[in-house]
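Here is a short tour of one protein model for you to follow on screen. Have the sequence and the 3D view open, and find each residue as it comes up.

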Amino acid sequence: MLFNSFTYTAFLPAVCILHWALPHRYRWMLLLAASYYFYMNWNPAYAVLILVTTAVSYLAAVFMETAGERTKKIILFIASAVCFGILFVFKYFNFVMDAVCGGLRLFSVNASPPVLDLLLPVGISFYTFQTAGYIIDVYRGGVKAERHFGYYALFVSFFPQLVAGPVERAENLLPQLKSAKNFDESRFISGLKAMLWGYYKKLVVADTLAVYVNQVYGSLEDYEGPALAAAVFFFSLQVYCDFSGYSDIAIGTAELFGIRFLDNFAAPYFAVSVQEFWKRWHISLSSWFRDYVYIPLGGSRCTVAVRCRNLLVTFLASGIWHGAGWTFMAWGALHGLAQAAEVLMRGPLEKLRRLKAGRFVMRAAVFGFCTAAWVFFRADSLGDAWYVLSHMSDGIASPVSYVRSGCISLGIDKFRLIYLAVLIFILMAADYGLYRNKGHKTGRMEALMKNRAAEWALYVMLGVLIVLFSQKGEAAEFIYFQF
């Protein structure tokens with residue numbers, strides 16, 4: 001079931017009304033049943049995978065609390081092997097086998113890779129990481145094992161964040177699921193506002209830009225430099241609006257039930273370094289890699305060389321998490337290398353950061369780097385990515401003709417160009433408000449407004465845009481569903 005489907009517009013109000021009508025002791029049953037129903041709309045059989053992952057991690061945590069140190073390590077290893085083993089089979093097996101056979105061919109050994117004809121279960125990477133983080137926290141003694149299987153199963157499968165995050169921590173979500181709550185009108189309205197922003201980002205901005213991005217990437221050699229550059233720029237905004245839009249809808253949906261999720265985006269394209277970008281982009285996942293990969297490797301409390309290695313390993317792992325392909329590994333490696341470069345150039349960059357003009361230059365450089373790196377994320381192969389990057393500047397010597405040629409190639413007339421500019425302006429203004437307000441949820445564009453009438457006028461305008469100008473037809477999946 002998609003957030004942007006008509007089915008969801010009937011499902012969510014029904015669950016919400018029943019939730020607040022029921023006594024607290026029955027609410028977890030409703031939410032658990034609703035969450036499994038929500039997930040089984042894609043493929044009922046794959047609900048078994050969530051149940052197995054849930055049962056294994058639940059039992060592992062319970063047994064670890066009373067086990068000795070050696071036994072705890074064995075339990076942690078077995079539970080991790082089962083959970084990550086399921087992820088490996090469905091997501092990485094074919095890629096690894098193909099890579100192994102490709103390596104053997106370098107030594108003149110001909111081998112055909114075995115292929116598993118399996119559909120990738122929606123959200124498997126997210127709930128696997130969520131359960132893995134939980135059992136690691138229990139092993140470390142950071143959280144106590146949850147004894148109520150129903151509440152724990154709801155923690156793993158809670159439908160707003162089940163398929164694309166945020167990747168929640170047990171210490172944040174479990175106590176909220178278990179605590180009795182009264183209906184709070186202000187939180188309910190806050191949730192609806194967040195959902196409205198999310199739907200604007202996804203239905204109006206991301207899906208509009210996706211038309212041009214898919215057009216170009218679907219037939220790269222038919223387009224020249226200006227169209228390629230436009231597709232690169234548009235995808236940078238599309239992937240942000242698509243994923244942060246999902247996160248806003250998820251966070252807003254949870255607020256309707258009195259649940260507060262972790263923040264997942266905080267104006268990342270206003271970052272002045274790649275390191276800051278990752279403190280603002282997909283925050284729940286980047287903090288997961290920080291806590292469970294980067295810090296165990298040694299983090300930053302080591303020599304500069306080792307710190308650079310830790311960054312590279314962490315972001316290679318992040319790239320692999322996003323997809324089983326060389327393009328994702330290249331994307332992760334680029335971000336790791338960029339942050340290593342920032343460590344090595346820390347002194348000059350700090351001096352530049354102190355200057356207003358310097359911060360502007362750094363912000364533009366970070367956005368340019370991230371936008372270029374997204375090419376590897378979107379391209380079907382390394383060859384396609386290189387083709388885009390090596391040809392996108394063709395004809396740029398004549399800027400006016402370059403822009404005009406790109407618009408003609410993509411069929412963007414003056415009205416469409418103004419429309420796209422307005423959509424992007426609203427997005428940038430909203431993120432600027434969030435950035436100025438230091439990433440708080442109360443930021444966004446209303447932080448720039450001083451009266452309530454102007455704020456509500458903004459939301460009415462967003463609603464009108466969503467109804468009138470969102471892409472029509474079958475609901476488009478969110479990009480991060482494939483991970």
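Glu276 is buried, and Arg280 is buried as well. These two residues form a salt bridge, with their closest N and O atoms 2.9 Å apart. Both sit in helix H10 (residues 274–280), 4 residues apart, which is about one turn of the helix. Keep in mind that this is a predicted model.

**Salt bridges**

- Side chains of opposite charge can pair when their charged atoms come close.
- The structure holds 11 salt bridges.
- One of them joins the side chains of Arg169 and Asp291, at 3.0 Å from N to O.
- Arg169 lies in the loop between helix H6 (149–157) and helix H7 (170–178), while Asp291 lies in helix H11 (residues 283–297), so this pair ties together parts that are 122 residues apart in sequence.
- Arg169 counts as buried because its relative accessibility is 12%, under the 20% cut-off, and Asp291 is buried too, with a relative accessible area of 17%.

- Glu342 is placed in helix H13 (residues 326–344).
- Leaving aside neighbours within four places in sequence, Glu342 is in contact with Ser273, Val274, Gln275 and Leu349.

**Nonpolar cores**

- The largest nonpolar core has 140 residues, and Tyr134, Tyr200 and Trp374 have the most contacts inside it.
- Helix H9 (residues 225–256) gives the most to this core, with 18 residues.
- A second, separate core of 5 residues includes Tyr294, Leu311, Ala340 and Val343.

**A helix with a bend**

- Helix H8 (residues 185–217) has 33 residues, so at 1.5 Å a residue it should span 48 Å; its end C-alpha atoms are 45 Å apart, which agrees.
- H8 bends by about 35° at Ala206.

**Around Ser390**

- Ser390 is found in helix H16 (residues 382–391) and is partly exposed, with a relative accessible area of 29%.
- Ser390 and Lys351 are 39 residues apart along the chain, and their C-alpha atoms are separated by 32 Å.

Methods:
Residues are numbered from 1 along each chain as its sequence is written. This is a predicted model: local features need pLDDT of at least 70, side-chain atom pairs count only at pLDDT 80 or more; totals for chains, interfaces and linings use all residues. Side-chain values use heavy atoms; hydrogens and water are left out. Helices (H or I, at least four residues) and strands (E, at least two) are DSSP runs, numbered from the N terminus. Contact means heavy atoms within 4.5 Å. A nonpolar core is a set of buried Ala, Val, Leu, Ile, Met, Phe, Trp, Tyr and Cys residues joined through side-chain atoms within 4.5 Å. Buried means under 20% relative accessible area, exposed over 50%, partly exposed in between (1.4 Å probe, protein chains only). The expected span of a helix is 1.5 Å times one less than its number of residues. The bend at a residue is the angle between axes fitted to the seven residues ending there and the seven starting there. A salt bridge is a side-chain nitrogen of Lys or Arg within 4 Å of a carboxyl oxygen of Asp or Glu.
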